[in-house]
Amino acid sequence: MANSTPVSLIEDTVVKSSAPLSPLVLGVRRFRKHRMAMFGLGLLFFLVLYISFAGFLSHGYCAPVKKELAGEAWSDCNDTSLKLKPPSKEHIFGTDVIGRDIFARTVYGGQISFLIGIAAAIVEVILGALVGAVAAYYGGWVDNLLMRFTEAMLNIPPLFLLIIGAKFFGGSLPNVNIFGRELTGSVFLIIVIIGATSWGYLARIVRANILSLRERDYVSAARALGASDRRIILSHLLPNTTAPLIVSATLGVANAILSEAYVSFLGLGVQGATATWGNMLDGAYRYLESAPWLWFFPGTMILLTVLGINFLGDGLRDALDPYSTKHL
Amino acid sequence: MTNYILRRLAQAIPQLFIISIILFVLMQAFGDPISTLGGRVPARPEDKARLRRQLGLDQPTYMQYVTWLVGNDWQKIDMDGDGVPETPGKRLGILRGDWGNSLVTRKPVLEMISERVPNTLMLMVTAEVVIIIFSIAVGLYSALRPYSLFDNLVTGLSFVGYSMPVFWLALMLMYIFAVNFRRWGLPYLPTVGMYDPSVGKTPLELIKHLVLPVTTLSVISIAGYSRFVRSSVMEVLGQDYVRTARAKGLKAFTVVFRHALPNAALPFITIIGLDIPFLLGGAVVTERIFAWPGMGRLFIDHTERSDFPMLMGILMLIAITVVIFQIITDVVYSLVDPRIRLK
């Protein structure tokens, strides 16, 4: 930031000139000096702690099944006699429309929201990197076809595309068991849809990058040595675009969590008993006045997560830029 | 210039075709529109089959697309289901201005959309004006005092604003300015619709109803744009010609507003120009929360009922606007920046 005066810069280079620093070390150093990024990382750390371990605090007596319940079972316990209760000692975040504990649901819903965010970002990066790399490497009609398709996708507002996608693949899906948790199939559907509708910008960034990379001598050398197209793309070209890929993937997680929240808010997202921060908000706006805790807690969780990721992504962008001399 | 515009328009046509095909194929799997028609679902299977024939839903996908695109008035269709085509088709197709009829209301799609467009535009144009004014003001002020208390505060706030889910902001604003202000006996703002039915369609009512949705839409964009304005103003302020202007003793005001700002605003034009068309449909969530009778609401309502002629109409209108605004943005950019020549 502002405190990196020229003097300290010179001192740094003099001291470190004995051993050359790898780009990774420089990147980590820049990142650690980035105050906002460290704040974002801290925020995310607490949120991960919350969704991982706060589940141990969620237990109580579930009247309909006449049993003491803990963990996720407690988050699904719906005691309709307790519906829409404001925050109290037993239910610190209150209860929802059918009497489930909102605190427990933010914990278990948070796990799903994180899962959706990370998995959708992975899908996005794979698709975007492949489309961008193939378009740039082969050029000609392949490039033309892929880029016209990408532009067509980008010309439809993302939320509309998401809604159409959710409706297209919608319908009832079998439950899936993962990490010992029973999830509705729509969780995976949403992951695929968000990933499949968000890769456009990334494909363009990767394409622009690889267009310049593929003219480099080392690529000609690899080709002269008889490397296959696949090998050149996967082990020579893509690794050199990791910086934008990492930044896009990070911000992609935030975007995916937001996207899930938007489609779920509109009632087209994750269906069934599985809680996510998004579908906890479905219909909550009808209780704007009578039960603000319904939307306040899950909404704030989303805000904090997205904020943390955005800070982190901003820091990564600065840290991974090889031409950046900031924050040394 | 004319050549350039004509060439860009010619390039836009295949693009719109690709968009329409992608959307049309996606919408085929929307489920049966007949079974979601609401209270008017015919009970008997033969009635359902007849309705399907009348709406042209019995045709294969590619024929439905051709009908949607260029119409079917050049062929006869089998209406009574005896296998012999006898009734001449009446559809003209979107290329000849027939956007089809809504499956739900049976009204022409174009008519239903044009009822909603003014409402959406009212919301969006107001929001866009607020966005432009505030992001330039905030960004400029930050750039003139970089790393000051104000700048750091704005940087932090803009990250928060940028990360805010639209619905969370909307619900918070409603909760504070409508629910709690009323509770505290302060003058409060209305939350839903465009007018209060008991007061009538007065301009004052409209303004009151605009405040919350416009704030919701603006805050998030201002957060992003003001950062952008800040960095581009800072970049321009560091250039030699600005130093020259300062060195020859011009007033700070003249340097900033006559010399720096016009150049700094150039990239801003592109961003705004490319974002405007998305505003046309970009307010799905906001319109839903504030019950604003615009295009976003129309889209959501008709998605639930698989009304694909309607959805195709809305999405194609948006896609066309996007493409046109891309061309307009490029042309405007070349007009204000003499360094860029379009060929």
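How many residues of chain A are in contact with chain B, and how many of chain B with chain A? Select both chains of this predicted model. The contact joins 32 residues of chain A to 37 residues of chain B.

Now keep the side of chain A that touches chain B. The elements giving two or more residues to this side are helix 6 (140-154), helix 7 (158-169), helix 12 (242-265) and helix 13 (293-320) of chain A. Select helix 13 of chain A next: the largest share, eight residues, comes from this helix. Colour the touching side of chain A by class, and there are 25 nonpolar, three polar and four charged residues.

Move to chain B and select helix 6 (residues 166-183) together with helix 7 of chain B. Their axes come within 10 Å and cross at roughly 140°. Because of that angle, helix 6 of chain B is oblique to helix 7 of chain B. The crossing is right-handed.

Show the side chains where the two helices meet. On helix 6 of chain B, pick residues including B:Leu169, B:Leu173 and B:Phe177; on helix 7 of chain B, the residues they meet include B:Leu212, B:Val219 and B:Ile220. By class, this contact has nine nonpolar, two polar and no charged residues.

Last, stay on helix 7 of chain B, residues 203-237, and select B:Met234. Is this residue buried, partly exposed or exposed? B:Met234 counts as partly exposed because it has 16 C-beta neighbours inside 10 Å. Leaving aside residues up to four places away in sequence, B:Met234 touches B:Ala143 and B:Pro146.

Note on methods
Residues numbered from 1 in each chain as written. Chains lettered and ligands numbered in written order. Predicted model: local features only at pLDDT ≥ 70, side-chain atom pairs only at ≥ 80, totals over all residues. Contact = placed C-beta atoms within 7 Å. Helix = DSSP H or I, 4+ residues; strand = E, 2+ residues; numbered from the N terminus. Nonpolar A, V, L, I, M, F, W, Y, C, P; charged D, E, K, R; others polar. Buried ≥ 20, exposed ≤ 12 C-beta atoms within 10 Å, placed from the backbone. Axes fitted to C-alpha atoms, helices over the stretch in contact; angles between N-to-C directions. Parallel < 35°, antiparallel > 145°, perpendicular 65-115°, else oblique. Left-handed = near helix turned anticlockwise from the far one by under 90°.
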